[in-house]
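Please look over the fold below.

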Amino acid sequence: MAQTLVKNYLHIVFSTKHRAPMIHESVEKELHSYLAGVCKELECYPIKIGGYTDHVHIVCSLSKKIALMTLMEKIKSHSSKWIKTKGEMFQNFYWQGGYGAFSVRESDLPRLIKYLENQHEHHKKAKFKDEYLSFLAEYEIDYDEKFLWD
């Protein structure tokens, strides 16, 4: 085949180290914009970014030119350095080492976008751990819980 054609949508989820509530409202929107910029720079076009005080969700396309591992390395390292420039309260900001990345059908994007838009409301009732475990169950991903959280 002479042409490479790719359309991969991802739902990426990752948290702050030890799920510390470090994503304050004062920087949340700017952080989401920054994350979108990193994605765009890597041709992984963002569709929706959301989250809460201790984690982030990114829905984006995955470029045919980059591995998921590289995308995550760039997103996390660049945004961690960036947020530390936002004041003393962020000097100890770190992302947790791992992440979840789930493939998404195009027809499921509207439902997922709506879900991300309601993260603050959702997390008044549900903790990140429960949310993340539900994603792992939904996508039938085997895991060892002792390695999930630190």
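Helices (H or I, at least four residues) and strands (E, at least two) are DSSP runs, numbered from the N terminus. The model is predicted: local features need pLDDT of at least 70, side-chain atom pairs count only at pLDDT 80 or more, and totals for chains, interfaces and linings use all residues. Residues are numbered from 1 along each chain as its sequence is written, and side-chain values use heavy atoms, with hydrogens and water left out.

Four strands make an open sheet, ordered 2-3-1-4, with antiparallel pairing. Two strands pair if DSSP finds at least two bridges between them. Strand 2 (46-52) and strand 4 (100-104) are at the edges; each has a single partner strand, so one side of each lacks a neighbour in the sheet. From one strand to the next, the twist averages 15 degrees. Axes are lines fitted to C-alpha atoms, for helices over the stretch in contact, and angles run from 0 to 180 degrees between N-to-C directions.

Strand 1 (residues 9-15) and strand 3 (residues 55-61) run antiparallel, joined by seven bridges. Here Ser15 faces His55 of strand 3.

Two helices contact the sheet (contact: heavy atoms within 4.5 Å).

| Helix | Strands touched | Angle |
|---|---|---|
| Helix 2 (residues 68-83) | strand 1, strand 3, strand 4 | about 45 degrees with strand 1 |

**Helix 2**

The buried residues of helix 2 are Leu71, Met72, Ile75, Lys76, Ser79, Ser80, Trp82 and Ile83. Down the helix axis they fall within an arc of 160 degrees, so they line one face of helix 2. The arc is that of the directions from the helix axis to the C-beta atoms. These buried residues pack against strand 1, helix 1 (25-41) and strand 3. Met69, Glu73 and Lys81, on the other side of helix 2, are exposed.

**Ser63**

Ser63 sits in the loop between strand 3 and helix 2. Ser63 is buried, at a relative accessible area of 9%. Its side chain reaches the backbone nitrogen of Lys65 at 3.0 Å. A polar contact is a pair of N or O atoms within 3.5 Å; within protein, one must be able to donate a hydrogen and the other to accept it, and residues adjacent in sequence count only if both atoms are side-chain atoms. Setting aside neighbours within four places in sequence, Ser63 is in contact with Leu42, Glu43 and Cys44.

Key: Buried < 20%, exposed > 50% of the residue type's maximum accessible area, 1.4 Å probe, protein only.
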